[in-house]
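I opened my notebook beside the viewer today and jotted down each thing as I looked it up. Here are the entries, in the order I made them.

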Amino acid sequence: MQIPKLAAWVMAGVICLTGAQVIWNTEAQAAEAGTASTAPPAAAPAAEKPTNEICLGCHGNPGFAMPGADGSMRQLDVAKERFEKSVHGKRLCVECHKEITQVPHQKVERLKVSCVQCHQNLWETAQKEEKTQQFEKLGVVVSQIEKYMHSIHARPSREDQSSTNATCYNCHEPHYVYPRGSEERTKWRLQIPAICGKCHTKELETYKTSVHGDEVFWKANPYAAVCSDCHTDHDIERPAMDASKLVITRNCGNCHAQSLRSYTGTYHGQVNRLGYAYTAKCFDCHGSHTIQRAADPGSKVHPDNRLKTCQECHAGATAGFVSFQPHGNTHDLGRYPYLWIASKFMIALLFGVFAFFWLHSALWFYREYRDRREGKSVPHVVTDGLLQGQQGKHYQRFRPVWRIAHLFFAISVMMLVLTGTAVLFADNAWAKSIMHAFGSPKVTAIVHRTSAIIMLGIFFAQLAYFSGRIARTWETFDWFGPTSLVPRWQDLTDMISMFRWFFGEGPRPVFDRWTYWEKFDYWAVFWGMAIIGGSGFLLWFPNVTASVSPGWVFNVATLIHGEEAILAAVFLFTVHFFNNHFRPDKYPPPDIVMFTGTVPLEEFKREHTLEYQRLLATGQLEKYLVDAPSRPMTLGSRILGITLIICGLTLLVLVLIGFTGSALAG
């Protein structure tokens with residue numbers, strides 16, 4: 001036998017003799033107290049489990065060790081005071097070390113301690129005895145165990161298929177697991193990187209050089225990020241998995257809440273919130289184990305290194321990318337003035353448009369409701385009836401090309417709202433469901449851009465048509481005439497008269513070819529194309545945008561694109577729908593003029609009295625008179641109209657849910 005091993009056995013024998021003395025003293029004291037007088041002396045050790053004091057008689061001696069199976073010394077000492085402060089301090093040693101039934105005990109070849117089984121048994125007992133509330137913390141531990149059992153640590157090791165990658169006591173010192181909030185727990189937390197580093201040595205070395213490692217190892221900052229803060233603890237998975245990347249990104253927000261909030265407002269963050277990991281995440285830009293402060297020359301986001309970092313994903317990134325503000329917000333005028341100004345402008349625009357037109361719709365509805373309640377008949381505009389030969393005729397207001405264009409325009413707009421707001425309100429469950437239905441944000445982006453091309457194509461085709469028409473009649477074109485869509489003073493007069501009618505202060509005004517609200521609908525499209533379309537193209541071609549403009553343009557374009565989309569969607573599906581379909585004098589909805597192209601002549605005479613009178617006086621009315629559309633055409637148009645209205649109202653509900661949720665989230 002080698003001398004060191006002999007010395008070890010001698011030392012162990014001395015210590016065990018000391019432990020035996022403790023046992024003898026304990027039994028002697030019990031006998032004196034009369035606790036053992038009723039049982040045979042030889043039966044006492046078998047009847048009772050060894051107490052912690054007996055176990056600590058040997059294991060409580062500093063440096064207590066025994067040779068292991070490989071001949072090396074195994075440290076088996078337990079610090080009594082530290083153990084008693086742990087969450088296990090009130091439990092018997094043999095509750096975990098079940099193979100120990102007597103002292104001195106037989107040689108143990110293999111540990112049979114099962115943290116998992118022990119906690120699960122205790123929890124099952126608590127459930128049977130209906131004491132789950134009393135042992136709530138135990139339930140938390142069991143849930144952590146369930147997470148651990150599905151983690152990468154619980155899987156077989158590649159080197160040894162009979163063992164796991166890491167078990168409980170590889171990370172936790174089993175005798176020194178301290179409750180949360182205790183001073184001991186705080187000290188243990190600072191040791192987590194070193195514990196993880198026993199297996200992940202390369203990661204530990206790089207972590208030590210990071211700003212987080214500096215705070216932990218050299219400044220002992222208990223609030224600095226350690227491994228488990230980023231990678232989670234019990235349900236840890238391989239970092240290369242998308243699910244792990246998403247979790248790590250969310251975990252950054254546990255310390256950097258404001259930065260995470262501003263990040264999720266960007267397209268990178270929106271895709272991330274939808275559950276997809278292919279856009280830039282925190283560690284893609286800032287680094288992971290080697291992360292440094294942004295002002296550090298070694299940081300990936302330092303101004304000198306930022307372009308190179310952007311080019312890791314955007315191969316053609318130009319200098320404009322450097323000034324993009326991934327954490328810009330609309331509340332800090334000093335740091336982000338352009339975002340602040342754009343935000344306040346859009347808020348004022350939304351408030352102004354909806355305050356006026358929702359009030360306009362509400363007053364209109366109330367006037368109609370009051371008339372119905374008072375038993376007043378409709379229509380409000382009384383005409384002299386139709387002339388002979390005009391009965392049953394329809395007025396052709398829109399030709400097929402305009403009706404087809406309107407249909408495709410409506411469908412493309414709805415698809416844009418669906419695919420766009422699903423990204424804008426990425427936190428909502430409905431947004432994730434829609435994204436899953438499409439397949440991914442990449443597919444959704446294709447649908448979104450295709451819809452944008454259709455919408456813009458129709459818009460520019462109409463613009464080209466009107467431009468050509470004006471060019472042909474330039475000298476005689478009446479810009480502010482009754483058939484022009486250009487707003488004129490008469491529209492303001494009509495609006496004032498309409499409000500007077502709302503309040504019963506005058507008759508309802510009569511209109512020409514275009515009402516003031518129809519003109520607003522039309523010109524709102526021009527505004528929308530300029531704002532939504534323009535900002536969309538800036539975001540669609542980032543390399544081109546960044547080559548001619550600073551990076552903060554992306555921030556402003558993203559904000560305006562989303563806010564204007566909300567304005568357009570809510571206006572279309574509330575005000576536009578009311579004006580054209582839900583007015584009481586339009587009952588029953590929908591108005592199908594944009595599908596059949598025609599309107600009953602009597603209705604046209606009431607709605608556009610001045611145009612009717614002008615056409616009649618000039619003898620041009622006859623060329624616009626057509627027969628009523630067929631029954632199948634009328635029925636099909638109604639079905640199509642109702643379908644589009646249902647789709648629009650569904651989108652309205654989704655947008656309002658998303659907007660409200662975002663507003664409440666801050």
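Entry 1: I started at α12, where the buried residues pack against α10 (192-197) and α11 (201-208). A reminder to myself: the model is predicted. Which residues of α12 (residues 211-218) are buried? I noted Val 211, His 212, Gly 213, Glu 215 and Val 216.

**Entry 2: α11 against α12.** I like to write down two values for such a pair, since two packed helices are described by the angle between their axes and the distance between the axes. For α11 and α12 I have an angle of about 85° and axes 6 Å apart. The two helices are therefore roughly perpendicular to each other; the class I used runs from 65 to 115 degrees. Which residues meet here? From α11 I listed Leu 204, Tyr 207 and Lys 208, and from α12 His 212, Gly 213, Asp 214, Val 216, Phe 217 and Trp 218. Sorted by class, the contact of α11 with α12 holds 5 nonpolar, 2 polar and 2 charged residues. His 212, Gly 213 and Val 216 were already in my notes as buried.

**Entry 3: α23 against α24.** Next I went to helix α23 (residues 489-502) and helix α24 (residues 516-540), whose axes come within 9 Å and cross at roughly 120°. That makes α23 oblique to α24. On the α23 side of the contact I found Asp 491, Asp 494, Met 495 and Met 498; these meet Tyr 516, Trp 517 and Lys 519 in α24. By class I wrote 4 nonpolar, no polar and 3 charged residues for this contact.

**Entry 4: Phe 502.** I stayed in α23 and picked Phe 502, which lies in that helix. Is Phe 502 buried or exposed? Its relative accessibility is 2%, so Phe 502 counts as buried, the cut-off being under 20%. What does Phe 502 touch, once residues up to four places away in sequence are set aside? I get His 360, Leu 363, Trp 364, Arg 367 and Arg 370. I also took a separation for Phe 502 and Leu 307: 195 residues apart in sequence and 59 Å apart in space, C-alpha to C-alpha.

Entry 5: Ser 412 lies in helix α20 (residues 400-424), and at 3% relative accessibility Ser 412 counts as buried. Not counting residues up to four places away in sequence, Ser 412 touches Ser 451, Ile 454 and Met 455.

Asn 52 lies in helix α3 (residues 52-59). At 15% relative accessibility, Asn 52 counts as buried too. Leaving aside neighbours within four places in sequence, I see Asn 52 in contact with Phe 83, Gly 89, Arg 91, Leu 92 and Cys 93.

For Ile 642, in helix α30 (residues 631-665), I noted a relative accessible area of 40%, so Ile 642 is partly exposed. Ile 642 and His 581 are 61 residues apart in sequence and 9.9 Å apart in space, C-alpha to C-alpha.

**Entry 6: the sheet.** In what order do the strands of the open sheet run? I read off β4-β3-β5 for its 3 strands, with antiparallel pairing. β4 (598-600) and β5 (625-626) stand at the edges with a single partner strand each, so one side of each is left without a neighbour in the sheet. Strand β3 (residues 394-396) is joined to β5 by 2 bridges, and the two run antiparallel.

**Entry 7: the whole chain.** Last, I zoomed out. The chain has 30 helices and 5 strands. Its radius of gyration is 39 Å, well over the 26 Å that the globule rule gives for 666 residues, so the chain is more spread out than a compact globule. Along the principal axes, the C-alpha atoms fill a box of roughly 125 × 65 × 45 Å. How many of the 666 residues count as buried? My note says 37%. Among contacts between residues at least 6 apart in sequence, 66% join residues at least 24 apart.

Methods: Residues are numbered from 1 along each chain as its sequence is written. This is a predicted model: local features need pLDDT of at least 70, side-chain atom pairs count only at pLDDT 80 or more; totals for chains, interfaces and linings use all residues. Side-chain values use heavy atoms; hydrogens and water are left out. Two strands pair if DSSP finds at least two bridges between them. Helices (H or I, at least four residues) and strands (E, at least two) are DSSP runs, numbered from the N terminus. Axes are lines fitted to C-alpha atoms, for helices over the stretch in contact, and angles run from 0 to 180 degrees between N-to-C directions. Angles under 35 degrees count as roughly parallel, over 145 as roughly antiparallel, 65 to 115 as roughly perpendicular and the rest as oblique. Contact means heavy atoms within 4.5 Å. Ala, Val, Leu, Ile, Met, Phe, Trp, Tyr, Cys and Pro count as nonpolar, Asp, Glu, Lys and Arg as charged, and the others, Gly among them, as polar. Buried means under 20% relative accessible area, exposed over 50%, partly exposed in between (1.4 Å probe, protein chains only). The radius of gyration is taken over C-alpha atoms; the globule rule is 2.2 Å times the number of residues to the power 0.38.
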